[in-house]
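Here's a quick briefing to read with the model open in your viewer.

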Amino acid sequence: MARHTKNDILDAAEFLFAEQGFAQTSMREITNRAQVNLASVNYHFGSKKNLIQSVFKRYFDQLMPDVEKSLASLGVEEGTRGVELLLFSLIPPMLNLNTVSENGTATFVKLLGRGYNETQGHLRRFIMNDYGKCIRALVSGIQCCLPTLPEETLFWRMHFAIGSFVFSMTSSQALTEIAESDFHKHVEIGEVMHQLVPFVAQGLAGSVALEDVV
């Protein structure tokens, strides 16, 4: 019974956080949707921050081991092509999140977008503390593809790449609807990712230096 209650709370919180954001979702809304009392939430999670982290944990526990396996199986190829291959290797682990919940990939990227856009500093600490090994392996993989790129430049490009990913993924429903209307083609979220990868890879590997910009 306790396990079911905990999962009901997580399901309710996940839905509301994805649709409304973390700050805009009240504990009362979560308890109402889960049909539990506040004491149950406090018993299982202790605080709203812990609940937010637990919602992400369900996805990261599935995603990060898959990402580590994908990175470990890759050879090193420098330049844009190497970055493309690395980013393409991340798509299957992302799509596997549909095994966590129905439309899990879309839900996860919504949550990620909320976390990226809202001030949730505890999330970054949680991710780096629990999944830092995988994050560092990912960054190291990109650095190996771009060995001459200065670390500071990579920092900015990584954040711009994350921004492009978050915006595109959180807008994926609108993008697929536009594609269907304009090109009469039904597009799944996986194809959106495949369209995004070459664009992001070019941005990460691009050679334009700051001093070259007029």
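Grid points are joined across faces, edges and corners, and the volume is the space filled by probe spheres set on the points. With that in hand, the largest pocket here holds about 1500 Å³ of space.

Keep in mind that this is a predicted model, where local features need pLDDT of at least 70, side-chain atom pairs count only at pLDDT 80 or more, and totals for chains, interfaces and linings use all residues. Residues are numbered from 1 along each chain as its sequence is written, and side-chain values use heavy atoms, with hydrogens and water left out.

**The largest pocket**

- The lining of the largest pocket takes in 40 residues, and Leu112, Ile135, Leu138, Met158 and Ile162 are the ones nearest its centre.
- Two or more lining residues come from each of H4, helix H6 (91–95), H7, helix H8 (121–145), helix H9 (151–170) and helix H11 (189–205). Helices (H or I, at least four residues) and strands (E, at least two) are DSSP runs, numbered from the N terminus.
- H8 gives the largest share of that lining, with twelve residues.

**Helix H4**

- H4 covers residues 48–72, 25 residues in total, and spans 35 Å from first C-alpha to last, close to the 36 Å expected at 1.5 Å a residue. The expected span is 1.5 Å times one less than the number of residues.
- There's also a kink of about 35° in H4, centred on Phe60. The bend at a residue is the angle between axes fitted to the seven residues ending there and the seven starting there.
- Asp61 is in helix H4 too, and counts as partly exposed because its relative accessibility is 38%. For reference, buried means under 20% relative accessible area, exposed over 50%, and partly exposed in between (1.4 Å probe, protein chains only).
- Asp61 and Val100 are 39 residues apart in sequence, but 9.8 Å apart in space, C-alpha to C-alpha.

**Aromatic rings**

- Searching the whole structure turns up ten aromatic pairs. Rings of Phe, Tyr and Trp (its six-membered ring) pair if their centres lie within 6.5 Å; planes under 30 degrees apart count as stacked, over 60 as edge-to-face and the rest as tilted.
- Why is the Phe56 and Phe108 pair edge-to-face? Their ring planes are at 75°, with centres 6.5 Å apart, so the pair gets that label.
- That pair links distant parts of the chain, 52 residues apart: Phe56 sits in helix H4 and Phe108 in helix H7 (residues 104–117). Both Phe56 and Phe108 are buried.
- Phe155 and Trp156 make an edge-to-face pair, 5.2 Å centre to centre with 75° between the planes. Phe155 is partly exposed at 43% relative accessible area, and Trp156 is partly exposed at 44%.
- Ring pairs join Phe17, Phe22, Phe56, Tyr59, Phe60, Phe108, Phe126 and Tyr131 into a cluster.
- The charged end of Arg33 sits over the ring of Phe15, 3.8 Å from its centre (the test is NZ of Lys or CZ of Arg within 6 Å of the ring centre and within 35 degrees of the ring normal).

**Loops and backbone**

- Most residues other than glycine have a negative phi. Gln35, in the loop between H2 and helix H3 (38–45), has a positive phi near 60°, and Gln35 is exposed at 73% relative accessible area.
- Asn103 also has a positive phi near 60°. Asn103 lies in the loop between H6 and H7 and is exposed at 51% relative accessibility.
- Ala23 is in the loop between helix H1 (2–20) and helix H2 (27–34), and is exposed at 59% relative accessible area.

Key:
1 Å grid on protein atoms, 1.4 Å probe; cavity = no way out; pocket = protein on both sides within 12 Å on 5 of 7 lines; lining within 4 Å.
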